[in-house]
Amino acid sequence: MFMDNWIHALAQFEQTGTPCVMVTVLEDKGSVPRGAGSKMLVTEKEIVSTIGGGHLEHIAMKTALQMLLDGDHSVKVEHFNLGARLGQCCGGMVTLSFEPVGQQRHVLALFGAGHVAKALVPILATLPFKVIWVDERDAQFPAYIPDNVEKRLSDDPVGEVATLPANSMYLVLTHNHQLDFDLCRAILKRGDSRYFGVIGSLSKRKRFDHRLKDRGFDQAAINTMICPIGIGSVKGKHPAEIAVSVAGELIACYQGEHISSKREHATQKQAEKRSILVTEPSENPNNKNNEKIRA
């Protein structure tokens, strides 16, 4: 707890991407615990400073916490009589404002510090992400790391998976196919990914699918893995092009869009093509293929 140094605490919350609600005494009349201008910060895990304690503060804390849980970004103003009904005997009146501060950050675990990751991180720095960037090689990380990115130099990247919050997003972009596969196993074992993408081709996807099945993972779990990653209509192979494409997919995910694997898209497109061939044959009477389809 930072007591009355709420400005310092607020700066730390901003740096770490921790959303909070600032509770402020806007107006006071009569006998009150603390006067106008007093502030309290409420996060999901801690309380900073005080507006005077007692039942008033308890109600204010509950109100602020509910706003955080609901994702409510509107400012609220409420009036309280500090009488017996509120459980306080001050007898005064207090007006409180509840102001959400900061934006909810989406936790993204980024494994690998290669060219695509280096192109992606500056984009993520402008978006509401808390990025945990993991690699074994210190020299691969750039000199500048954005404020919303936590650099983790780890000799055990797979072990880092167990340390991540529930419902995290995962991107596997390492230089080593075996490491990619081991990370996939660890992420699928958790079974709580909000997004799980692995860089690679459809052939890599097929190999991983077979290996994962051999190790006991069912198809429903495997289907949560996105490989290849990125928006399908973006075909470029330059790191910056891939990074923009992947960023678009991540944005779509946190905005609530369902992200399905490219294999599902490919299967669907093949089915659509077959359907068109069967239901809409060419009307050219000389088309031999048309006669075979109708036969």
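Predicted model: local features only at pLDDT ≥ 70, side-chain atom pairs only at ≥ 80, totals over all residues.
The crossing of helix 3 past helix 8 is right-handed. On the helix 3 side, the contact involves His115, Val116, Ala119, Leu120, Ile123 and Leu124. Their partners in helix 8 are Pro239, Ala240, Ile242, Ala243, Val244, Val246, Ala247 and Leu250.

Which residues of helix 3 are buried? In this helix, which spans residues 115–124, they are Val116, Ala117, Leu120, Val121 and Leu124. These residues lie on the same side of helix 3, because they cover an arc of only 130 degrees around the axis. Besides helix 8 (239–254), the buried residues of helix 3 pack against strand 6 (106–111), strand 7 (129–135), strand 8 (149–153) and strand 9 (169–172).

Another part of the model is built on an open sheet of five strands, in the order 3-2-1-5-4 and with antiparallel pairing. Strand 3 (47–49) and strand 4 (76–81) are the edge strands, each pairing on one side only. On average, neighbouring strands of this sheet are turned by 20 degrees against each other, direction ignored. Strand 2 (residues 39–42) runs antiparallel to strand 3 and is joined to strand 3 by three bridges. Within this pair, leucine 41 stands opposite valine 48. Helix 1 (residues 6–16) packs on the sheet, where it touches strand 1 (20–29), strand 2, strand 3 and strand 5 (93–101). The direction of helix 1 makes about 25 degrees with that of strand 2. Helix 2 (residues 54–70) lies across strand 1, strand 2, strand 3, strand 4 and strand 5, and runs at about 25 degrees to strand 5.

Some backbone details remain. Most residues other than glycine have a negative phi, and most peptide bonds are trans. Serine 49, in strand 3, has a positive phi near 70 degrees. Is serine 49 buried or exposed? Serine 49 counts as buried because its relative accessibility is 6%, and the cut-off for buried is under 20%. Asparagine 167 also has a positive phi, of about 65 degrees, and is found in the loop between helix 4 (157–160) and strand 9. With a relative accessible area of 52%, asparagine 167 is exposed. The peptide bond from cysteine 227 to proline 228 is cis, with omega near 0 degrees. Proline 228 belongs to the loop between helix 7 (219–222) and helix 8.

Notes
Residues numbered from 1 in each chain as written. Heavy atoms only, no water. Buried < 20%, exposed > 50% of the residue type's maximum accessible area, 1.4 Å probe, protein only. Helix = DSSP H or I, 4+ residues; strand = E, 2+ residues; numbered from the N terminus. Arc of directions from axis to C-beta. Contact = heavy atoms within 4.5 Å. Pairing = 2+ DSSP bridges. Axes fitted to C-alpha atoms, helices over the stretch in contact; angles between N-to-C directions. Left-handed = near helix turned anticlockwise from the far one by under 90°.
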